[in-house]
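Work through the exercises below with the structure open. Try each task before reading its solution.

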Amino acid sequence: MQRVLILTVACIALAGCTIEGGVPTPTPEPTLPASAPIPTGAVVAERIAERNDTWMIGALDLPADLYPYPQSAATRRASATITELLFPSPILPYNYGYTATGVLERIPTLENGDAEVRKVDVYLDATGAITTTVTDVVTQVDQLVITFRWNPRLRWSDGTPVTADDSVFAYELAKAAPPGDAAAELLAKTATYEKIDDHTTRAVLRPDYVGAAYFVSYWTPLPRHLLQGVDPARVREGAFARQPVGYGPYMLVERTATELRFERNPHYFGPTPAASRLVVRVFPDLDLLRANLLNGNLDLGIADRISTAPLIRFDTDAAEGAVQVFTVSSPVWEHILFNLDVPALQDIRVRRALAYGTNRQAMVDALFGGRTPVLDGWVVPEHPLAAPPDQVTRYPYNPDQARQLLDEAGYTDPDGDGIRASPDGATLTLQLLTTQGSDVRREIARRFQADMRAIGVTIDINEASPDEVFASDGPLYLRQFDLALFGWIAGPEPGGLQLWSCAAVPAESNNYRGENFAGWCFRDADRAVRTADTTLDPAERAEAYLRQQQLWTQELPAIPLFQRLSIVVAAPDVRGLAPDPLAPVTWNVAAWKREK
C-alpha cells in the first residue's frame, strides 16, 4: 500500500451539482444456437482461464468520453473509475486528503522546497485591485512558485516516453480552449507553466493568489506526439477522447455501446495488475447487475445511485456469503437552498422553522436505510475541517418548535384551515425548484412538501431539466426561485469562496458569475471564508473555517440534508479493494487479487 499523505488542505473548490440520467440499452448476452457444437473440455478450460485472468466490473453508466479533463465535477465523478485506469492522477484526492501515486516523484510542498513563496512588485488600480496597467501605486504581494518532478519511467501505452513537454502541451491546449470547469479555474490562477527539463515543470501562480491547494497546480500530461495539430476545441469530440492512449495500468482496446475492454499496459511504470484484462460492462439497473454478480459473470459492481430495496437484497446476499458489500457516504450532498431575496425567507425565524420542520432522518431512512448521515452544515462530517457538532447550531426535527417560530414571525392560522398566512392575509406558499430525472430528489421533494404541510406551509414543486436549472441564464444564476433542491460534490478542499462569499453572489454587476445562489452576504462570515481559503497557516485555516461554519449554521442560508450513498459489491474471493468517498474504486487496481 502506498504511503498516504493526508493534508488538512485541499485541491479544488466544491463544484457542479450531480445529475442523474439515463443509461444506454445493454446488448443482450449472447446465447449458443441449438445447432452449435458443444464446447470441448479444452475450450471450456481456456474460457475459464481467460475469465480468471480478467477483472469484470459492472456499472450503471459509461461516460461519453474518456478525456482526462472533464467538463464538470459531476462528469469527473462519473468517468473517474475508468480514466484512473488510463491516466492515474498525479496527486489523488483520497479520504478528504491526498496521496501520491508515483506519477510525480513527490508532492511539492513548502517544507520539501518544491514550492516557495516569492515577493513580487505589482501595480494597483484605483480600486486597490492588481492590474497589469502601469499606475502610480506599487506594492509587494506573495507569489507561489511550484516545481513538479515527473517520474522518468512514465510511458504512454504506445511506448513513447511521457515528458514535461506533454504536461506543458496540455496547458497550451487548455489555454487555447478550456476543456472544463476545473481547467478554467486553474488557468485563472496560473501566470506561467513551463518546462524546466525533460521531467520537470514549473507553475508560477498569479500574484497574490495564495491557497493551501497550491500543489495541485499541475497539468495532467496529454500525448503531444498524437494530438499535435488537432483543433483544441475539438479534442473532446475526436477519436482520442473515445479511445485514448494513456500511461496507466491498463489500455483501452475496444469500445462498444455497453462495454469497455482493456488490456494490461506493457509499458506501465507501476506494479503489474494481477489480471491481464479488465472489462467494464454497463447494466440498465441494479437488479441485472446483481444477477450477474451472483452467477459469477462479474467480480464487482459499482453504483452511485442506490436505494433501500437493492441495499436490503445485497445485505441478504452478503449474509449468505455470496458477495461482499462496501457502502460509502458519497461526497454528493443534497440541500435545500433559500433565496434570501424572497421577503418571507429574509426572516431568520422562518428559515429556522423550515429546518426544524424537515424530517431529514426519515428521508435518510427511507432512501438509504439510515446508512448516511444527516448533515449539520455544508462541510461534510468526514472532512478534517468540518466543525464539531457541539460547536455549531443544529436543527433536529421538531415540528412544534417550527410552529412556534412561525407564530413569532407572524405567520398564523387564524381560521384553522391548516395554511398559515401573514397579517395581510398572504398565504405562506413557496416554490421548490429541483431537477427532473432524479428519483432521490423527487422523494426528497415529496417528503419535504408533506413536512411543510404539517406545519402550515404550502410547497409547490417545480421540476425542470438539469440543463435549464444550471444554465448560465437559468433560474439559479439569475436567482429566480424561492427554494432550490440540488446537490454539490465535496472535495479535499472545502472551498467556500465560490459558494458563500459576498463576491460570489450572481448579479448583473459580475455578469451573473459565482455560485452563492442564496445571495447570502454576511460580513464576518465573508471575512472568515476568505481567510480560510487563502491562508497557508493550518491553524489559522482551521480556526477560520470553524468560525465560518458557526456563522453559516446560525444564519442558515440553506437546509443541509444528507450525503448520498455509494456502493461497491464484490465477489467473495476478491481482495484488495479500498473504496473511498473521493477516489474511484480502481485507484488501487494493481493491489486487487483473487483469494485462491
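**Exercise 1: the open sheet**

Ten strands make up an open sheet of mixed pairing, ordered β10-β11-β12-β2-β13-β18-β14-β17-β15-β16. Strands are DSSP E runs of at least two residues, helices H or I runs of at least four, both numbered from the N terminus; two strands pair if DSSP finds at least two bridges between them. The model is predicted: local features need pLDDT of at least 70, side-chain atom pairs count only at pLDDT 80 or more, and totals for chains, interfaces and linings use all residues. Residues are numbered from 1 along each chain as its sequence is written, and side-chain values use heavy atoms, without hydrogens and water.

Task: Which strands stand at the edges?

Solution: β10 (250-255) and β16 (458-464) do. Each has a single partner strand, so one side of each lacks a neighbour in the sheet. Now take β16: β15 (residues 429-435) pairs with β16 in the parallel sense over seven bridges. Within this region, Thr429 stands opposite Thr458 in β16.

**Exercise 2: Asp299**

Task: Is Asp299 buried or exposed, and which side chain does Asp299 join through a polar contact?

Solution: Start with the location. Asp299 lies in the loop between α7 (286-294) and β13 (300-303). Next, accessibility. Asp299 has a relative accessible area of 3%, so Asp299 is buried (under 20%; exposed is over 50%, partly exposed in between; 1.4 Å probe, protein chains only). Last, the partner. The Asp299 side chain makes a polar contact of 2.8 Å with that of Arg594 (N or O atoms within 3.5 Å, one able to donate a hydrogen and the other to accept it; residues adjacent in sequence count only if both atoms are side-chain atoms).
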